[in-house]
Amino acid sequence: MIADYLSNISTLALIIHILDVALVWLLVYKLLSLLKGTRGMQLVKGILIIIGLKIFFNFIGFTTMTYIFDQVVTWGVLGIIIIFQPELRRALEYIGRVQLSNILNFNYKDVEKNKREQIVKSVVDASRHMARRRIGALIVLENQTGLDEYVESGIEINAEVTNELIINIFIPNTPLHDGAMIVSKDKIRAASCVLPLSDNRSISSSYGTRHRAALGLSELTDAIVVAISEETGKITVCQNGKLTTDFNEENLTKYLTNNWQQNKDKII
């Protein structure tokens, strides 16, 4: 049957069908990537189970159970919008970050290379200093997604990025040490900012509120968040919902250089 079907369609139509299927699989892959590591993945499994049961009951002829599951699926669309609100927001923000410059592969940069290198060095030097002295810190480096709503939750600074200023901000028992510092383009925009906590239950219990806040922001935006533990002195980086720990000076410099303000968002 498949051979007969293929023999009756033109080459162009076949290519269109293949591309159609490929795009569907790409869409599914991207959606699962956005849901990976969040409670949304567990909800997806639940939805698949419900759909499977609906097909099973319909196949064996259980009329009442089929009707019940039909209603669940029908009204479930509204429930999905409510339950998946954080994940849908992530998906829409991801789409919004796919800019024309990304599609055409323009080499546009928000911050000049020399300035970016100086800022990375300042962040790395300050992180090394605070890690050695077990000073807790939360440093946010803005990428393409704007962070104005989080800037408004803190104290605006709008100052040049220097390692001395970063260290002074996070010195314990000072007015701005509690919360996150946000770097936007080439300025320290604000300090003492409140970040959303991650509800990812797979995070190790050894991570506290600071790391959950770092991961939470990385799940909602494309920002890079550097968290320094006051208990262990370890440097952790969160981006795109992923948490990587135990950075040293060399690795942190390389990571920030390769991932901050590089316009790496692509369609595929």
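The questions and answers below go through strands, cores, salt bridges and backbone angles.

User: What kind of model is this?
Analyst: Local features are taken from it where pLDDT is at least 70. Side-chain atom pairs count at pLDDT 80 or more. The model is predicted.

User: Is β3 mostly covered or mostly open, and how many of its residues are buried?
Analyst: A180, I182 and S184 point one way from β3, while M181 and V183 point the other way. The residues on both sides are buried. β3 is therefore mostly covered, since a residue counts as buried when its relative accessible area is under 20%. The count of buried residues is 5 of 5.

User: In which sense do β1 and β3 pair, and over how many bridges?
Analyst: One of the bridge partners is the pair of L141 and V183, the latter in β3. The two strands, β1 and β3, pair in the parallel sense. The number of bridges is 3.

User: How do β3 and β4 run, and how many bridges join them?
Analyst: β3 and β4 form a hairpin with 2 residues between them. S184 has K187 of β4 as its bridge partner. The strands run antiparallel, and the number of bridges joining them is 4.

User: What is phi of K185, and where is K185 found?
Analyst: K185 is found in the loop between β3 (180–184) and β4 (187–193), in the turn of the hairpin. With a relative accessibility of 43%, K185 counts as partly exposed. Its phi is positive although the residue is not glycine, with a value near 55 degrees.

User: Which loop holds N240, and what is phi there?
Analyst: N240 is in the loop between β6 (235–239) and β7 (242–244). N240 has a relative accessible area of 42%, so it is partly exposed. N240 is another residue other than glycine with a positive phi, near 55 degrees.

User: Which element gives the largest share of the largest nonpolar core, and how many residues is that?
Analyst: The core holds 29 residues, and M130, I166, F170, M181 and L256 touch the most other members. Elements that give two or more residues include α7, β1 (137–141), α9 (163–170) and α11 (249–259). The largest share comes from α7, with 7 residues.

User: Which residues does I166 touch, leaving out those up to four places away in sequence?
Analyst: I166 is among the members of the largest core that touch the most others. Residues up to four places away in sequence are not counted here. The contacts of I166 are S122, V123, A126, M130, I139, V161, M181 and I188.

User: What distance separates the closest N and O atoms of R128 and D125, and how are the two placed in their helix?
Analyst: R128 and D125 both lie in helix α7 (residues 113–132), and because they are 3 residues apart, about one helical turn separates them. R128 is partly exposed at 28%, whereas D125 is buried at 12%. The two also belong to a network of salt bridges with K121 and E249.

User: How many residues apart in sequence are the parts tied together by R189 and D148?
Analyst: The side chains of R189 and D148 meet in a salt bridge of 3.4 Å, N to O. R189 lies in strand β4 and D148 in helix α8 (residues 148–151), so the pair ties together parts that are 41 residues apart.

User: What is the N to O distance between E160 and K187?
Analyst: The pair links distant parts of the chain, with E160 in strand β2 (residues 155–160) and K187 in strand β4, 27 residues apart. E160 is partly exposed at 37%, and K187 is partly exposed at 29%. The N to O distance of this salt bridge is 2.6 Å.

User: How many disulfides does the structure hold?
Analyst: C193 is buried, with a relative accessible area of 3%. C238 is buried as well, at 0%. A search of the whole structure gives a number of disulfides of 0.

Conventions: Residues numbered from 1 in each chain as written. Heavy atoms only, no water. Buried < 20%, exposed > 50% of the residue type's maximum accessible area, 1.4 Å probe, protein only. Salt bridge = Lys/Arg side-chain N within 4 Å of Asp/Glu carboxyl O. Core = buried A, V, L, I, M, F, W, Y, C linked by side-chain atoms within 4.5 Å. Contact = heavy atoms within 4.5 Å. Disulfide = S-S within 2.5 Å. Pairing = 2+ DSSP bridges.
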